[in-house]
Each structure stands twice: as C-alpha cells, then as structure tokens.
Amino acid sequence: MTGPGASAAGGVVVVGLGAAGASLAWRLAGSDVPLRVVEAPAASGRRTQERTWCTWGPAGPGPFAHLVSASWPRVRVVPPAGADVVAHLGSWRYRMLRSQDLDAAVRERLAGAGVAVEEAVVEDAAELRAPGWTVVDTRPVPVPRTGRTLLLQHFLGWRVRSRRPVFDASTVTLMDFRVPQPAGGVAFGYVLPTSAHEALVEYTEFSRDLLTDAQYESALRGWLRRSGTGEVEVLGTERGVIPMTDARFAPSGVPGVLRWGAASGSVRPSTGYAFSVLQRQADALAARAREGSALVLPAAHGRRHLLMDSLVLEALAAGRVDGAGFFSRLFERNPVHRVLGFLDGRTGPADDVRLMASSPRGPMLRTVLGRALPVRR
C-alpha cells in the first residue's frame, strides 16, 4: 500500500473522467457510497484527449469487457533486420478500448444512478472536501525531477483506410523497428488492425525531446511507405505524450485528497501502459469505499519491476543499449506470455530472472554497477 489513508469514506468525489476517474466512478455508481463526479468542461481544454487503451491476458478489462472494440489472438514484433517474431496468444487476447466509448458508457451509468457529472474547472481539489468525504483527484501533475531518468513516450496515431487489403486483422504489430532510431531512446511503428483495409497506426518514440508536427507526420508516412501499406485515407488522429520516469510521485499532502492515476505513478515506467493497473487499483478503492474504510491506494507496481524498469530506462537514455535490438531480443528469446506478463506486472522472480538473462548483459551490468554513483540533480 502507498501513502497514508484518506479520510473515512462517507462519500467520494471523483475529479476527472479519464481512465482512472471513469473506472472508479463506474464501480461506485449505484452503490451505497455517496458519489460526486467533477469533470472539466469540454471548452476548457483541460479534458484528456481521445485515446485508445489496450489490455491483454486471459480475462477482459474488468467490468468493461462489453466495450472492447477489437481483439486479436496474435502479436508481431518486427526487428530492424531479420525475421519477424509472430506469436499466438492461446487463450489470451490483446484487446482495444476507445476512450470515447468508455466515457459514454460511464456517463450513462452515472445518469441511471442519479449522479450528475458536474462540469467545472477545479484549481484546488481541497476546495471540494467535506466532512467524511474523500476527494480522489485523477488529474495529472507536473512530473517529478527526482528520478535518475526521464524519457517521454510521444506518438502520432492515425486511424486509416487503405486502398488495398494490406492489414492482417488477426495480428497486432506491437513494435515495428524499421524506422530511424533516436539517440538515447527507441522508435517504432504500432498497428491495431480492425479489418483488411482499416487500422490504427502509430509512430512512437521513447526519447528526451518532442518532435514538430511536421516531423511526426513525416516519420509516420515514411514508416507506412516502407512497410508496404501504400496510400491511405486518414479517418482520425490521436497524439499524446506520456512521461516515463523512475521518480516517485508524492501524495497530495492534503488530508482528504487522494491523488491517483498518472499523478500517483500508475503508468508503467518502461512502457507507458496503465489501463490494467488502474482496473486493479479501482477494484481496491471501490471495495474500501463500500466498506466505509479509509481509501488507501495499492502500489501500482512491485518493487522488483520498478527496479528493472529503472535500469532499462537508464540504459536506454544513456545509449548503453540499442533500444530496437533490446526489445526485439526480449520477444525473440522469451515466450510471449512471459514478456507480456512482465509488461503487465504479473511475472514472478523466476520469469524476471530469465527475462533479464536475455537482455544485453554487459550494458545492463554497467548500469547496475553505476548505481553506486550519486544521482545527478
């Protein structure tokens, strides 16, 4: 468990209807727990942009299985050179949800429970406190600069329609490394196909610096051309920036206010994934609220996984490992369930040791030994 418990949950105020806020609001709507939900007006520019979220495993994404818009039984990784790595997931599925579908479903559920979504720009979550209530603030906060490493995961995605049937609707391309690689990071293409002619395609970088709009578009078009996709019609756009850091996010420090989501470190430092973790944390918070217990946020990630993430981020940022080769090697030398299980924080010590053994030993050992040195501020 992380952070002190917030005040006993006579009621809950959820601030923000992104993935975290929507997940908790869904679980509390219609329960015995008094609930308020506050979201910034659309015109304020403070709402989270539309997103596509993905989960994987044998079971669906918590209570949102009915909102899965597509799923796939196979995943593919394309190394910079050599044969593709294609793996069948067996009973697992890689699943996609769209943020607009989740938002609409949560608002409908809240309305059915008689809970109005209050539109307001909240400057200070403490102003929403009331005796016996807990404010769960899911809005992002500035990224702490106290860690060893900070990279940015930044991307441009297009929903596209191709002239020719070029997409394999049974297979997700997790990483296609046939793109120019940045210094001190990694770049790849990502494909979520929904038919032979339509897909969400993304150009993604893990690096220190953002690109210009023209650079993102050039990189995405160049990768589509090299991958043989051909001419496409752009149906919609997604873009985003996700901090990847081994810094610890501080609690709010205000009694009765619980920070959660990206603001509490729920985002996986080495990958930027968060949706599955948020579902596990939402289950725990909702259970405590229904019990009338103080809200205590479960740790998002285990200490061992956080240490491994920190080492990977530092090795990437320092240029000690070739990012494209590093991630390709993980999939080439490990069963797919081990790699995906690690990315979801579900692997045990034995599997983690096998994963680390398949990584470049020299660069990773130098990174471990470097931990004897002080952190540079």
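Author: Two strands count as paired if DSSP finds at least two bridges between them. Strands (E, at least two residues) and helices (H or I, at least four) are DSSP runs, numbered from the N terminus. This is a predicted model, in which local features need pLDDT of at least 70 and side-chain atom pairs count only at pLDDT 80 or more, while totals for chains, interfaces and linings use all residues. Residues are numbered from 1 along each chain as its sequence is written, and side-chain values use heavy atoms, with hydrogens and water left out.

Reader: In which sense do β1 and β9 pair, and over how many bridges?

Author: Strand β9 covers residues 133-137, and its pairing with β1 is parallel, over five bridges. Gly-11 has Trp-133 of β9 as its bridge partner. With strand β2 (residues 35-39), β1 also pairs in the parallel sense, over four bridges. There, Val-14 stands opposite Val-37.

Reader: How does the chain cross from β1 to β2, and what is the hand of this crossover?

Author: A crossover is right-handed if, with the strands pointing away from the viewer, the path from the first strand over the helix to the second runs clockwise. Here the chain passes from β1 through helix α1 (residues 19-28) to β2, a right-handed β-α-β crossover.

Reader: Which way do the residues of β1 point?

Author: In a regular strand the side chains alternate between the two faces of the sheet. From β1, Gly-11, Val-13 and Val-15 point one way, and Val-12 and Val-14 point the other way. Five of the five residues of β1 (residues 11-15) are buried. Buried means under 20% relative accessible area, exposed means over 50%, and partly exposed lies in between (1.4 Å probe, protein chains only).

Reader: Why does Ser-270 count as buried?

Author: Ser-270 counts as buried because its relative accessibility is 6%. The residue sits in the loop between β15 (257-259) and α4 (275-291). A polar contact is a pair of N or O atoms within 3.5 Å; within protein, one must be able to donate a hydrogen and the other to accept it, and residues adjacent in sequence count only if both atoms are side-chain atoms. The side chains of Ser-270 and Asp-309 are joined by such a contact, at 2.9 Å.

Reader: Where is Ala-125 found?

Author: Ala-125 is in the loop between β8 (117-119) and β9. Ala-125 counts as buried, because its relative accessibility is 4%. Ala-125 and Val-135 are 10 residues apart in sequence, and their C-alpha atoms are 7.0 Å apart in space.
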